[in-house]
Amino acid sequence: MAPESADSSLRNKKPSDSAFKQQRLPAWQPILTAGTVLPAFFVIGIAFIPVGIALLYFSDEVKEKIIDYTLCNKTEKLYDGYIKDMGRPCAEIIKEEGFDATKDPCICHMQFTLDTDFKGKVYMYYGLSNFYQNHRRYVKSRDDNQLLGNLNLAPSTDCLPFAYAADGKPIAPCGAIANSLFSDVLTINKGKHSVPLINTGIAWDSDKNIKFKNPEGDLEMAFKNFSKPKDWRKNIYELDLKNPDNNGFQNEDLIVWMRTAALPTFRKIYRRVNHTEEGYADGLQKGEYELVVDYYYDVSAFDGSKRMILSTTSLLGGKNPFLGIAYIVVGCVCLVLGIALLFIHIKCGKSTNEMISVNPRTLYH
Amino acid sequence: MSNTGEHATSDPSKIEAASSSSTAGSTYTFPEVVRSPDTRGHGRSASHGSGTTFSGGAASTSVVGRPSALKSTRGHQRAFSQGQITDSSGIRPGHSRVGSKTDFILPPGHKETETTSGSGSRTSAKGHSRQASRSESIYTLRRTAPPSFWKRFLSFILRRSPRYEQEERYRIVVPNHTVPPKTPRKEHPNGKRPNNKVRTTKYTLLSFLPRNLLEQFHRVANLYFIFIVLLNWFPAINAFGKEIAMIPVVFVLGVTAVKDLFEDRRRHASDKRINNSTCRIYQSENDRYKKVLWKEVRVGDLIHLSNNEVVPADILLLRSSDPNGLCYIDTGHLDGETNLKQRKVARGFTEKQDGFDPSKFKSVIEVDAPTTKIYRFHGAMLHPSGTRIPVGTDNLLLRECLLKNTDYVEGIVVYAGHETKAMLNNGGPRYKRSSLEKQMNQDVLWCVLILIFLCVIGAIGCKLWLSTYTNLQEPFRPDGYSDSSEAFLAFWTYIIILQIMIPLSLYVTLEMCKIIQVYHIHNNVDLYDPLIDKRTECRALNITEELGQIQYIFSDKTGTLTENRMIFRNCTIAGVDYHHPTLQDESKTKNTLTVLCNAKMVQDMLCQESVTDSSSLIHATRIQEFLLLLAVCNTVVCSHHPHYDLMNASGILEPVPNAFEQENKPETTTTVSPNDKYSRLEESRSVTPSPPLHTSSHFDNRRTPHVPSLSPITSVDSSPTSEAPPKNSRPKILNITALGFLGNKRNMNLTDEQKVKINQSVTPSPHELKPIFEAESPDELALVDTAYIYNCKLLKRTPSEVTVDLPGAGRYDFKILNILQFDSVRKCMSVIIKHPVTKQIILYCKGADTTIIPALAPVEDDSEQKRIICQTQQQLNAYAKQGLRVLLMAKRILTVTEYNEWLRKHKEAELSHDNLEKKLQESYALIEHNLTLLGATGIEDRLQEGVPETLASLISAGIVVWVVTGDKPETAINIAYSAKLFSPQMELLKLMTRSKEAADRTISFYLNEIERQPDGGDPTSSSNLLSSRSQPKAKTRALVIDGKTLTFILDRRSNLTKPFLKLTTYCNSVLCCRATPLQKAYIVKVVKEELKMRTLAIGDGANDVSMIQTADVGIGISGQEGMQAVMAADFSLSRFKYLERLLLVHGHWSYDRLSSMILYFFYKNAAFVFLIFWYQLYCGYSGAVMIDQMYLMLYNLLFTSLPPLAIGVYDQDAPEYLLRENPYLYRRGRLGKAYRSRSFWFTMFDAIYQSLAIFFICQGIYNESDIDIWEFGTVVTTACMFVMQLHAAIETRSWTILHIGSYLVSIGLFYLYSIIYNAYCVNCFGLPSNYWIIQHAMSTANYWLLIPLSCVVALLPRILLRVIKTAVCPDDVTRAIMMHRRALRRGEGFLVSWSRSTSASSIYRTTDNRTKNNILTAVG
């Protein structure tokens, strides 16, 4: 560190007496004694408990209806609206050889009741459990470049072995994530009418506008050299034929799916209720509903389960009492500790005083 | 010119014995200070007549110019270079430079001679064993500089090796002026030789990158990370983007490379400075010497050097100003020995000294190929006539030596630049590891184990997970892999993703911390010495924290504790005590050696003039005789002018001022003949860097013509009043002396009238100029100076005669019959002289009281002599109490027959071959008895300012202080008392034995004695030094041991080491006297290794170098003794007192800071890794990482790098004043309380807990939600960031703007980075896109609610523990702070401040028994 220069002998080597160099910056030296920390504990306790209560309240405000349809039996809707239970779960049927989803899809009809009105915006989710979307190989298996509309006949190697179809054509969209796109079709009926559901506005705007882009020009033409993913029934350009903005890579169901879940039990937004329709302006009213599932998606590999979730939202998102409870518990703990410290402070503070007021010299010899 | 005369002046005694190539291990030993002549040749540790070798011995009668004052090298028994550690690599981490494997201590008697070395070197059989032991060279452990990488590479490419090497066995050096100028280098006979340009830099511009990388890959840690990067390239394993994974490694390598580059630039600058020094070489075109830069010197050049110049290359001596062709060099920079060594002109040139003409020198020189052996050189000079004259080591001046005591020399360069012995022996930088770092490395190993454990768990989990699901498809179970092989691959994946468990960046941060710490230490204004304008230098950049953990201090005495300036303080003559007071303004004129005369003594002395009373007349005679003894009985050499050269720096000869020339002509040994074509040079001729102020003033004061402090009351002498400072006569030399003169307050004894007289005085005659005394030891100098002040002037000394100017009697030439050299057994020295007038043969003897008193002639009980002896002894005791060095003066008048009888026997003894030493001693003893006591002197070896206080502080800090000195026990004990190392209450155990058995007996006796005492301390508690409390009434002990006994104890075969060390643990202080440099080192080594203590050695002289290098921390005092110690040291201080601040404040801080920094670092990395690990429970043990890779890589580098730095550099557990007021606080570092193995585990558990808290809070909140993996990762990272900053905040003891800044900046950086990264990076680096994630997360309420929750939950236990600890059992520091605050609140500021006494008078304050000394020694 010594700045040595030839003419240093001329200059005085005395270091400058600045507070920084001499390590004499103004400093605050708190000692973490019971006395000093006490207030912090009380403040935390007093602040956390109300917050927790508020959170719990908001969480309770959220209405949620979850229907697990994993093991739903195949049903057939007869002409008069009567639903016949075929006695066999779709989960088994779709795995049978010779099952052809296009000719004879496995459909479940499930009745459910909403006990209360679902006020406000209602969203429909599908939930999967034990589905490891966060598996290292799975997460990696995608080609973001392709999803940006830059079609390349050689997709990213990350996609392997979901990069090329059996005929050697590259797959679009490639990779395991896209390949395992959730393919059940969920609809809800109320009485004879279906509940109006919108399949757009469910993905993040940033994803829809920036991360996912269709190639230029006609979609079908653009994808003509590409094959559909192995497990798909439709081509990428057939995902939403009604709405070209929601087709191809920019299909929101695909976008949502491509956002891989963090935990093996997750839900993904599927539809939102169209509140502009008559009768749904205030949300969903209580009453009888029917869930119709076009059952294609197999989750048996992980012993997983599938759920349909109807939920309203609050300020804090979905229903989750965890945060509120945690806040209350932590707040209480802090208060208790604060009281304990106060006790220590009063009780032991004196003895500490005595102890430390002893001259260290007398103490040590 | 081509004299071929075989003039065998070769003096075998001067030939170096076995070769030793030890050298100071520092990169550069280029002298920055020209040593003043009065330090030259002082046996440092030598008190008067102590350990210094008066080598000349019998030889003194036989030879040459200045025989005895200079140590010849005879009898040096050097062990040679096998004893060294050669270590070719300077970079290997963890390589201790200290030579543990070298058995580098040899008992003093041990002779290992290299007899095979052929013609030149011969071991002098005459070596006195003591002398041998002293000069057994300092085996600084050398590392040979490896040949330059580039050079090796080149030679590899060019394939030029064997032939070149073959030819290299001998090389021919042709004088360059015989070669026509402008000869192209290729045809030049010396063209192949390298020039004198040196390069010690490791890298060149081209080689920097490859070579630096290569060196860095030697580090295990770096290799580990390279391995991980490579691992990441396996497709089946890879967890990260391949390029991203390289960021940390590249960063670390880059930082280290920049640091190396910086260091290399410093070396480059120093090279440049050295290469651009100047010297004078002969140029045939102009037929004169010309000033050139060192780097332009080439082999074959003729060089002219002046006194005190540094030798620029290895030079074969052809000419010396000395008529006998001798010159003296100080090889201190080379091998650490400060004694002067004689070199002489090549045979055949001796008689040609005056007529030597460079242009006529045509001989060719044949020399060996360069070797590292410093004292081995063979060659021959081939004269044009065909004769061949061998030349050897004693004709060679080595690079980096200092020319001493010689006006000028000329010689021919035989090796230059990197081929010089100095450069070949130049070692690389040292690398020390502090114990904290060692401990840290151990914990890093634990981290490795934890990592492997986690990876194994992960791999097992992976297999179990896979086996639970039978029908998994791609990608979850890739085709072609079984579960087990998948698990195996997962293991490696885990290694990659959990890699930051091993904190690579910790090493970088640590080094940065230490560098900044060093910067602050270097810049501490309180460690700056304004007197010599020097700061504390930290030469080792990486052991600052070791300063805070020192347990043992080994201190040199002379020059370290004391100033090594002998001041004549008291004398007693015939029982009358004369005190010489301190000059009042001594503090200002620190470097004047002058003492004031005692007026009474002057009166007493001169009373013979006004004769009244016979007793006072007798007394006056006694005083005179006493003074005569002081002047005569020594080995001081005087020359009448400083060594000067007639050639100035540019090679121009200056005219001789006439007055000066005449002055010198009749007197000086170095005759300047008028027709000599050289003329006088200016003071500025020297190429050596100008000495620092203090040295130079010191230096010049010595040359001051005698300034009398005494003006005789009655002028009996013709000269005194005319002895004014002849400022006018030698202005150039005296330019600084005016200072000393003015500072010398003489008016005490002078009347105004006399002052006027002085001012009027004319240019003095030559005899009144005070000669320049060159003495072995400062004591002798003090004595001679004192005699001079009393007008008993030593004017000239030759081997056979000594000229003294006696007050009132004029000049006398005393014939010296014999000089009985000092040796440590006799502890005295004598001269036998013949009085020119009375023709009496008188023996003057001076020596230690223990020697002289028994040798006194028996006296009757009531005689006056008896009274004198009694009084003298009383006074001696008083002197000793004051810590003065005491010498007794005695005489004996011999009859001619007595003398002749003795002389005959003595000669017999000298001739005997076996038992020579013993016989000589017997012979000495024969004549040194029946003495008559003349008087005694008390010389003060002044303690340095602040030494007792510093020692008291260090001792109360619980550090064990050993004083290790080469000095004799009596002196050392005196100093120990005055330095408060010993207190009068202490029981002094002395271990001074002459045999192994006796040593054994004494040790066991003491041990038994101590163990019998109930309060004797308990050795099982690994010495009472470590136990935190000691019984207040326990008797404190101090141990004194001498070198001879040490020899037995340190001998491995004796098995005495352990009992000795056990004994020392009972003692509060240990004093080792008469220790050789090697013994010093060995003591340190033994304590370090056997007692497992962290040691610090502090010293100032070359004899401390080995000790300094052996100790864990070496500190050099940059005093008057040259730079060797400083060069070898890790830190250099300018005063001993700074040690207190360095250890108690900076060391304490450094240790404490780095401890918390390291623990924090472990914590933050572990917590982060565990976060990832917990995630594996939720991702099928697949090795998925939820945190974006950029965060992962930048986490250590960017987001969390500042808080550790802030803690590591600027945190203060206690303010400076508190640490100094309460030295016991040092205990924290000494006992290693801040960082122990359990603190590591505690930290680990805390890290696990905190990561659990963070992760599971996040998991709880986001379970079953639609959050995606990257947002989850971002949230977790944010929470983790906040927790870590708050954790750092809890760890921060002292909040400054820097700390707050570092936390805010860290958080800010994180947000700044992530926001920018998430906003602009749609598809970057081939990473999974994190577009808009942080923005999205920040728009949710959960994100903001989660952060405070996780912070509180994660940090609650830690803060709680802290609080409880402070409440229940606060540590020392906290206690001290609280106490201090309480005191402040009560307004009792006085309680905490204890006044620090000023040191000036400390030596006299023996009664001031602040019990501090004893009290806290044993504070654990």
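How many residues of chain B are in contact with chain A, counting heavy atoms within 4.5 Å as contact? In this predicted model, 115 residues of chain B are in contact with 90 residues of chain A.

**How to read the values**

- Residues are numbered from 1 along each chain as its sequence is written, and chains are lettered from A and ligands numbered from 1 in the order in which they are written. Because the model is predicted, local features need pLDDT of at least 70 and side-chain atom pairs count only at pLDDT 80 or more, while totals for chains, interfaces and linings use all residues; side-chain values use heavy atoms, with hydrogens and water left out.

**The interface of chain B and chain A**

- The size of an interface is often given as the accessible area lost when the parts come together.
- Chain B and chain A bury about 9200 Å² between them (accessible area with a 1.4 Å probe, summed over both), and 63% of it is on carbon and sulfur atoms.
- Three salt bridges (a side-chain nitrogen of Lys or Arg within 4 Å of a carboxyl oxygen of Asp or Glu) link chain B and chain A.
- Glu486(B) and Arg137(A) pair in a salt bridge, with an N to O distance of 2.8 Å.
- Helix H40 (residues 1341-1368) of chain B gives the most to the side of chain B that touches chain A, with 15 residues; helices here are DSSP runs of H or I with at least four residues and strands are runs of E with at least two, numbered from the N terminus.
- The side of chain B that touches chain A has 63 nonpolar residues (Ala, Val, Leu, Ile, Met, Phe, Trp, Tyr, Cys and Pro), 25 charged (Asp, Glu, Lys and Arg) and 27 polar (the others, Gly among them).

**A helix pair in chain B**

- The axes of helix H11 (residues 504-522) and helix H33 (residues 1202-1210) of chain B come within 9 Å and cross at roughly 35°; axes are lines fitted to C-alpha atoms over the stretch in contact, with angles from 0 to 180 degrees between N-to-C directions.
- Residues of H11(B) including Met512(B) and Ile516(B) meet residues of H33(B), among them Leu1205(B) and Val1209(B).
- This contact of H11(B) with H33(B) involves seven nonpolar, four polar and no charged residues.

**A salt bridge within chain A**

- Over all chains, the structure holds 46 salt bridges.
- One of them joins Asp207(A) and Arg259(A) at 2.9 Å, N to O.
- Asp207(A) sits in helix H6 (residues 205-211) and Arg259(A) in the loop between helix H8 (252-258) and strand S10 (266-273) of chain A, so the pair ties together parts 52 residues apart in sequence.

**Backbone details in chain A**

- Most residues other than glycine have a negative phi, and most peptide bonds are trans.
- The peptide bond from Leu160(A) to Pro161(A) is cis, with omega near 0°, and Pro161(A) lies in the loop between helix H4 (144-147) and helix H5 (176-179) of chain A.
- Ala172(A) and Pro173(A) are also joined by a cis peptide bond, with omega about -10°; Pro173(A) is found in the loop between H4 and H5 of chain A.
- Asp303(A) has a positive phi near 55°.

Technical notes
Contact = heavy atoms within 4.5 Å. Buried area = accessible area lost by both parts, 1.4 Å probe.
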